[in-house]
Amino acid sequence: MSSSSRTSTVLTAAAVTVLGGLVAYAVYFDYKRRNDSDFRKKLRKEKKKVTKQTQQAQAAADAASEVSAAAIKDALLKIREEEIPPTPDEKEGYFMMQVQIGDQLVQKGPSFYLPAACAFFRALRVYPSPVEFIMMVQSTLPAPIFKIFMELVNTDVASRVEGYYDHFPPKRMNVSIHASEPEGDKPAKKILIAAKDFEAGDIIYTESPFVVALDADLEGKGTHCSYCFRRIEEGQSFVAEADKLGAVFCSTDCQTKANLDWNNMLFGREPVLPPELDPSVVGNPTDSDGREAAQTAYVKWLKAKARQPNVLGARFVAKQIAHETSKLVKGKDNALQAEAALLADGGELYSVSDHMERLRFVEGNVTDEEVKLLQAVFGAALPGLEQSVNEERLAVLVGKMAYNAIGITPDGGRDDKSVSDARPEDQERTRTPQGTQRQLGSGLYLVSSYLAHSCDPSTRPSFVVGSNELQLFATRPLKKGEELTIAYVDVAQHADESAEAARRRRRVELARGWKFKCECERCLAEAVQDVEKEDAELGVDKDGAKVEQVMRHEKLPGAGMGVD
Ligand SMILES: [Zn+2]
Ligand SMILES: [Zn+2]
């Protein structure tokens, strides 16, 4: 790969990774820029100063000083250890200060080029729109300093991308992710492996869902908690009057958590920014009527047309914004910050989008109508937030929910669901060993999303009664390094079917839901004669799951598929 195309690849990754993670801050920044005249003045002044001073410096600097890659890496490691100021006001002050320091160093000559580039790199770390900032310094910094600055940016992005699987899954979960060797025309695939030995029946890990949704017929019915799925005794339920969806909770605790995660953003009327960030909205929510109208229209659509992956997708976006917003508030007892720390060792290094963008997906089912309704809900909650969804992004997200969601079946699940009249190819499927029909609802589990399917699985998911926390059990003794698999569909041979019929049933379901033909050991051992005819029936040729473009260059330990 040439160095210019490499730069553009890494830059794309930088833009997507950083922008994805900073949506809420960018929106807040923009909001302030539009509403605070002092802030606007200050920004303009700083920008002018940068331009003038750097032009002078450019004239003086004609010889490029060579800075070694090792020196750049060293400098980067030190900067990474520095704490980023948490609140927007502190970020702003820090940004201004770093730009000033950078300007002064630029004028001191070539031996100060690296420290100057470092100052601008520090400024970039807190600037909400990194690409904009990079373009700004490109036109104002002397070329040799800009070159060093870009080396810092590229090294930082590359090591963040490459180091992800050293931090995720967290060590306490006893599993790690490994890239399988590519075989023939089959590309390398990430699989989950045991990080130590297990006995049959051992709990390998427990994992909380990132987002959940009750089945449509249970949401708002009052029998199960919308957040934890616990059964609700009569007269024990909690409902918010303003909640357009009519979600029912088992406790104020669940209600509070749901509001914090997604419910207020999508269906409630409380301000979206914490009062610390925007005191003007306390007791005076912005355009409450507009918000209610947008939510009413969206809920009407949800109830008539939404499928579960779409509900999960909308909740995911809302929760992602909540996560980013939570980072802006310092020293508060903060459940979302605590969750980020649990998701990966050194959780502050990675944002929700880092976890999400690596997951495989199938094509998501999204309409223009849905996108517009959802944009209206977000935009009415806080002007600017409508940018957090567009059709392309939502389709990928919904496709990830469809591909990765696991059916939640506490105590074996339910048996009272009416049989769906949808065509078999349109039926909703989640990864549920008892069959999707038995789930109370589904959820996205970030680590468990890496569990591949097998018709003779090495593990099984289980849920304690009254909870949607997933416990992963070993079904047989497992050695360290062995692959962990679950059954995505009901793989048992029922009393009324032959082994051949059972094999066909599960393979058809897998092909419809996850777009692959199962080639697990059991399927191969039970194979019928006419394999070609059978493959044609399944209608899938090779694995149809997709990976996002930015992630294709990622390097895994031992995978040999990194950026050059
Ligand atoms: Zn609950
Ligand atoms: Zn199989």
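Which residues do ring pairs link into a cluster? In this predicted model, the cluster joined by ring pairs consists of Phe95, Tyr127, Phe133, Phe146 and Phe149. A search of the whole structure finds 16 aromatic pairs. One of the pairs is formed by Tyr227 and Trp262, whose rings lie 5.6 Å apart, centre to centre, with 35° between their planes, an arrangement described as tilted. This pair links distant parts of the chain, since Tyr227 belongs to the loop between strand 4 (211–214) and strand 5 (238–239), whereas Trp262 lies in helix 9 (residues 252–267), and the two residues are 35 residues apart. Both Tyr227 and Trp262 are buried.

The zinc ion (ligand 2) is coordinated at 2.3 Å by the SG atoms of Cys455, Cys518, Cys520 and Cys523. In sequence, these donor residues follow the spacing C-x62-C-x1-C-x2-C. The arrangement around the zinc ion (ligand 2) is tetrahedral because the 4 donor atoms subtend angles of 104 to 116°, and for four tetrahedral donors the ideal angle at a metal is 109.5 degrees. Among the coordinating residues, Cys520 has a relative accessibility of 10% and therefore counts as buried, while Cys523, at 0% relative accessibility, likewise counts as buried.

Technical notes: Residues numbered from 1 in each chain as written. Chains lettered and ligands numbered in written order. Predicted model: local features only at pLDDT ≥ 70, side-chain atom pairs only at ≥ 80, totals over all residues. Heavy atoms only, no water. Donors = N, O, S within 2.8 Å, 3.2 Å for Na, K, Ca; no water. Tetrahedral: all angles 85-135°; square planar, octahedral: opposite > 155°, others 65-115°. Buried < 20%, exposed > 50% of the residue type's maximum accessible area, 1.4 Å probe, protein only. Phe/Tyr/Trp six-rings, centres within 6.5 Å; stacked < 30°, edge-to-face > 60°. Helix = DSSP H or I, 4+ residues; strand = E, 2+ residues; numbered from the N terminus.
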